[in-house]
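Dear colleague,

Please find the structure below, together with its sequence.

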Amino acid sequence: MMRSMYSAVSGLRAQQTKLDVIGNNIANVNTVGYKAQRATFSDLFSQVLSGASGPDGNRGGVNPKQVGLGTQIASLDMIMTPGGPQFTGNPYDVSISGNGFFIVQGGQRGDFQFTRAGNFGVDKAGNLTVGGMQVCGWQDYGGKRQTDGSYEYDTQKPAEPINLFSDKYNGNKRIISPKATTKGDLAGNLDPAKTARGTALDDIGTPPSPADYTGTMTVYDALGNSYEVQSKFSKCYVDSTDPDNPVTSWYWEAKSADAKLDVTASGYIKFDKDGKIVSGDTDFNTKPQITLTPKGTNAAAAPFTVNLDFSGISTYNSTGSNEIKASNVDGYAAGDLDDISIGNDGVITGIYSNGQKQPLGMLALANFDNPAGLEKIGGNLYVPTVNSGDFKGGVKPGESGTSMISSSNLEMSNVDLAEQFSEMMITQRAYQANSKIITAADQLLQDLINMVR
């Protein structure tokens with residue numbers, strides 16, 4: 001009877017612990033990135049009443065007689081399956097689609113802690129944070145842009161806290177510096193029915209006014225000052241020396257009406273009988289280079305050259321509009337940081353008020369040999385243990401066993417409420433059943449005592 005009572009007590013303790021686990025899981029059903037736990041039981045030591053004996057002659061074997069002494073918690077396992085993504089629309093929210101942890105710094109438990117929570121924010125100093133911890137990654141890409149437009153960060157360096165406003169590699173990132181214009185394309189159609197202004201190539205005299213067509217482009221100097229540069233086109237001369245292939249020449253000149261910019265450039269382009277531009281003739285340069293010199297109050301800016309491209313111009317008989325438009329013009333003024341976006345590869349890109357973009361940093365992920373062996377320390381944080389494996393340094397998302405990340409999403413808790421409620425009911429009944437064992441043993445002891453009366 002005493003054995004049964006103690007067995008029941010061990011059952012009560014174990015079921016209470018399991019109920020504690022279930023309660024904690026349900027309490028964290030809305031915790032970002034929370035990983036559910038489960039309690040598993042194992043039996044305690046069993047008392048041997050008689051040992052086993054083997055077959056002997058005409059006697060059969062006898063199994064051992066044992067009485068169990070109760071149960072105990074065998075393990076409290078952490079279920080590391082990823083939670084479902086929840087779309088938030090917030091560009092600072094990030095979720096990991098599979099394996100991996102974000103690396104954070106700033107707590108009291110060593111240099112780095114780790115979390116699955118991606119509800120990031122930015123403090124007034126520009127630090128990328130989550131729960132008061134600084135999010136770590138890389139910031140040094142050497143200013144090098146790859147041919148596909150991406151940036152290659154130096155991921156061999158140790159991960160460090162990311163600051164979106166400035167860092168020692170790139171300086172001030174709240175403002176993107178201006179870039180002087182270096183190229184501009186002009187495309188469109190010139191009406192071949194226009195009247196030629198001269199009877200020979202150099203017979204145009206003074207530049208015609210008004211020009212037949214004008215294409216306008218906005219250009220910038222190295223200080224970010226903007227100017228309007230006009231490229232004017234006038235039909236000049238039709239050479240019919242070869243009747244089977246007449247060539248039409250158009251005169252162009254680049255000018256600026258802005259008193260703060262000096263630009264004077266001119267030349268000729270020619271078209272064949274099919275209205276296509278003719279290239280390869282040094283006298284008819286389809287890709288001229290012009291020099292622009294800021295002056296007046298903008299004289300502090302250095303002169304800059306712009307490579308024009310007229311190869312997109314034609315002289316077809318067109319029923320549509322005949323006009324010249326500028327395209328593919330680079331250069332821009334300075335811009336302020338307006339917003340960010342985070343790519344699947346972890347690269348954080350700044351979006352500026354002038355429409356330009358530049359990288360601000362790259363998130364690093366950590367992976368462990370046994371993620372379930374990590375220790376929870378509160379605040380959605382984990383630290384390594386002797387059974388989780390050591391932190392071996394940050395890796396790029398999608399590499400070394402980690403998964404890609406998704407922006408504007410948060411990882412929800414992986415707690416299954418239906419399962420937790422089912423387990424809660426089973427645990428409740430098991431607790432009640434163990435309490436009944438104690439009640440029954442107590443009644444038997446009472447009956448035993450009453451025998452001597």
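How many bridges join strand 17 to strand 18, and do these strands run parallel or antiparallel? Strand 17 is joined to strand 18 by 8 bridges, and the two run antiparallel. Please note that this is a predicted model, in which local features need pLDDT of at least 70 and side-chain atom pairs count only at pLDDT 80 or more, while totals for chains, interfaces and linings use all residues. Residues are numbered from 1 along each chain as its sequence is written, and side-chain values use heavy atoms, with hydrogens and water left out.

As to terms, strands are DSSP runs (E, at least two residues) numbered from the N terminus, and two strands pair if DSSP finds at least two bridges between them.

Strands 17 and 18 form a hairpin with 5 residues between them. In the turn, Gly224 has a positive phi of about 90 degrees. Tyr220 has Ser226 in strand 18 as its bridge partner.

An open sheet of mixed pairing is formed by 5 strands, in the order 20-23-24-16-25. Strand 20 (261-262) and strand 25 (324-327) each have a single partner strand, so one side of each is left without a neighbour in the sheet. Lys183 has Asn307 of strand 24 as its bridge partner.

Ile290 is in contact (heavy atoms within 4.5 Å) with Trp252, Ala254, Val263, Ala265, Phe304, Thr305, Val306 and Leu308, leaving aside residues up to four places away in sequence.

Val329 lies in the loop between strand 25 and strand 26 (335-342). Val329 is partly exposed, with a relative accessible area of 29%. Beyond four places in sequence, Val329 touches Thr181, Lys183, Gly184, Met217 and Thr218. The C-alpha atoms of Val329 and Thr218 are 7.8 Å apart, although 111 residues separate the two along the chain.

With kind regards

Terms used. Helix = DSSP H or I, 4+ residues; strand = E, 2+ residues; numbered from the N terminus. Buried < 20%, exposed > 50% of the residue type's maximum accessible area, 1.4 Å probe, protein only.
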